[in-house]
Amino acid sequence: MSTARVEGPAWVRDAVFWHVYPLGFVGAEKAGDPQGPVVHRLPHLVGWLDHLLALGANGLLLGPVFASQTHGYDTVDHRRVDPRLGDDADLDALLAAAREKGVRVLLDGVFNHVGRDHWAFRQVLEQGPSASTASWFRLRWPEGGWQPGVEPDYDDFEGHHHLVALDHSSPAVVDHVAEVMSHWLDRGVDGWRLDAAYAVPTAFWAQVADRVRERHPDAYLLGEVIHGDYAGVVREGHLDAVTQYELWKAVWSSLEEGNLWELSHALGRHAEFLDAFTPQTFVGNHDVTRIASRLSDERHLAHALVVLLGVGGTPSVYYGDEHAYRGVKEDREGGDDDVRPSFPAAPEELSPVGLPVFHRHQELVALRRRHRWLHTARPAVVAVENRRLVVASEDPSGGERLLLALSLEDEEVALEAPGAREVLAGDGARLDGDRVVLPPHGWAVLAG
């Protein structure tokens with residue numbers, strides 16, 4: 001078995017994504033009729049592309065845009081735009097506007113399961129075991145046989161009965177997913193986030209990925225994986241990357257608990273992943289409590305950003321995080337609403353209260369752009385204590401190095417900074433020989 005590093009499409013090397021949950025962003029109804037009237041809300045997003053660029057990003061990671069009944073992850077037609085968002089022409093216009101501005105676009109593909117009203121499952125309910133799509137699902141029919149109006153039992157997604165699990169051993173499902181992905185790549189998208197990839201056999205992804213890349217070799221395929229063998233999923237599923245939840249968790253919990261040993265350990269793991277592929281990194285997304293709500297000390301928001309943008313990975317910024325939006329994820333019906341808010345008509349309408357955080361994002365994204373090699377740079381811990389951490393990120397091809405220094409202490413501290421030549425970013429940081437002096441709760445990025 002080959003263990004060669006997965007490099008992914010060349011364009012991803014420079015990608016920084018702005019992640020948007022469209023149904024929330026445009027203020028769409030929480031529930032809708034997939035056959036209902038079209039409301040043209042997607043053009044609202046076109047007006048925010050300049051905000052994305054001002055942030056320093058060059059990619060748009062879109063949440064679900066396809067016809068569904070509620071939150072978008074209960075897809076009923078993968079080839080039709082959700083009427084609460086608009087129609088095909090609206091999505092085409094968004095893709096064209098993004099392309100004109102040099103912005104790459106990823107779509108969210110929900111291929112582990114479908115909504116109960118998906119046309120393929122409706123055929124099963126209406127026609128029984130003889131339906132041409134019966135092989136798409138893992139069905140259990142009553143012992144007495146099927147009769148009109150009698151539903152089969154079926155596998156669902158994590159106990160959610162309205163989300164019908166697909167049978168990924170079915171060749172018809174492989175055909176369907178490969179064709180859907182290729183269809184929208186043909187229309188101008190640049191890749192896919194594969195929802196709940198962890199629940200799907202890697203052999204399925206491998207078949208789909210190989211078929212998709214025959215037509216679109218530059219497509220970026222990103223799997224949502226929370227726990228498990230990240231490198232194994234990438235390698236066996238023929239994917240480019242998976243989501244780096246391990247690092248996400250370590251960032252917020254180590255900063256909040258004053259235990260930078262946890263972050264040190266996670267960065268060691270992250271370095272191992274970078275030997276195999278470049279993970280997709282984040283400190284916020286549509287499924288988790290916002291980083292500004294996780295951290296009780298707002299001074300530590302900058303520390304989280306330094307890690308996100310100062311080590312290897314393909315980073316994304318979840319909409320609103322760049323303005324320190326708050327939002328708590330709750331495990332209940334509607335518990336995602338707080339982290340999936342609507343945005344105003346134009347960037348100028350955002351509160352100026354969040355501008356300092358926005359400017360911090362700009363500063364660190366710009367720094368990353370000046371050091372393109374950070375995309376694959378392995379972090380190496382130089383020094384660690386409970387509330388102090390110094391990490392080196394080194395150009396894999398040699399020649400350049402950055403040092404990231406973090407302090408959670410209440411007083412000024414001096415940390416090891418071997419080889420540091422210049423402070424590139426950081427409030428009040430200064431060099432003192434081979435040490436960097438940080439103010440209380442300070443941080444720095446240094447050329448080394």
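## Helices across the sheet

In this predicted model, helix 13 (residues 355–369) lies across strand 18, strand 20 and strand 23, and runs at about 25 degrees to strand 23. Another helix to look for is helix 10 (residues 260–276), which lies across strand 16, strand 17 (388–394) and strand 18. Helix 10 runs at about 170 degrees to strand 16.

Follow the strands in the order 16-17-18-23-20 and you will trace an open sheet of 5 strands with antiparallel pairing. Strand 16 (379–385) and strand 20 (422–425) are at its edges; each has a single partner strand, so one side of each has no neighbour in the sheet. From one strand to the next, the twist averages 25 degrees.

For a closer look, take strand 18 (residues 401–407) and strand 23 (residues 443–447), an antiparallel pair joined over 5 bridges. Here L403 has L446 in strand 23 as its bridge partner.

## Nonpolar cores

The largest nonpolar core has 133 residues, and W18, F137, W192 and L263 touch the most other members. A second, separate core holds 13 residues, among them V390, V413, A417 and L438. In soluble globular proteins, nonpolar side chains tend to be buried together.

## A look at V20

V20 sits in strand 1 (residues 17–20). Is V20 buried or exposed? Its relative accessible area is 0%, which is under 20%, so V20 counts as buried.

Leaving aside residues up to four places away in sequence, V20 touches F25, L45, L60, L61, L62, G63 and Y319. By contrast, V20 and E385 are 365 residues apart in sequence and 36 Å apart in space, C-alpha to C-alpha.

Conventions:
Residues are numbered from 1 along each chain as its sequence is written. This is a predicted model: local features need pLDDT of at least 70, side-chain atom pairs count only at pLDDT 80 or more; totals for chains, interfaces and linings use all residues. Side-chain values use heavy atoms; hydrogens and water are left out. A nonpolar core is a set of buried Ala, Val, Leu, Ile, Met, Phe, Trp, Tyr and Cys residues joined through side-chain atoms within 4.5 Å. Buried means under 20% relative accessible area, exposed over 50%, partly exposed in between (1.4 Å probe, protein chains only). Two strands pair if DSSP finds at least two bridges between them. Helices (H or I, at least four residues) and strands (E, at least two) are DSSP runs, numbered from the N terminus. Axes are lines fitted to C-alpha atoms, for helices over the stretch in contact, and angles run from 0 to 180 degrees between N-to-C directions. Contact means heavy atoms within 4.5 Å.
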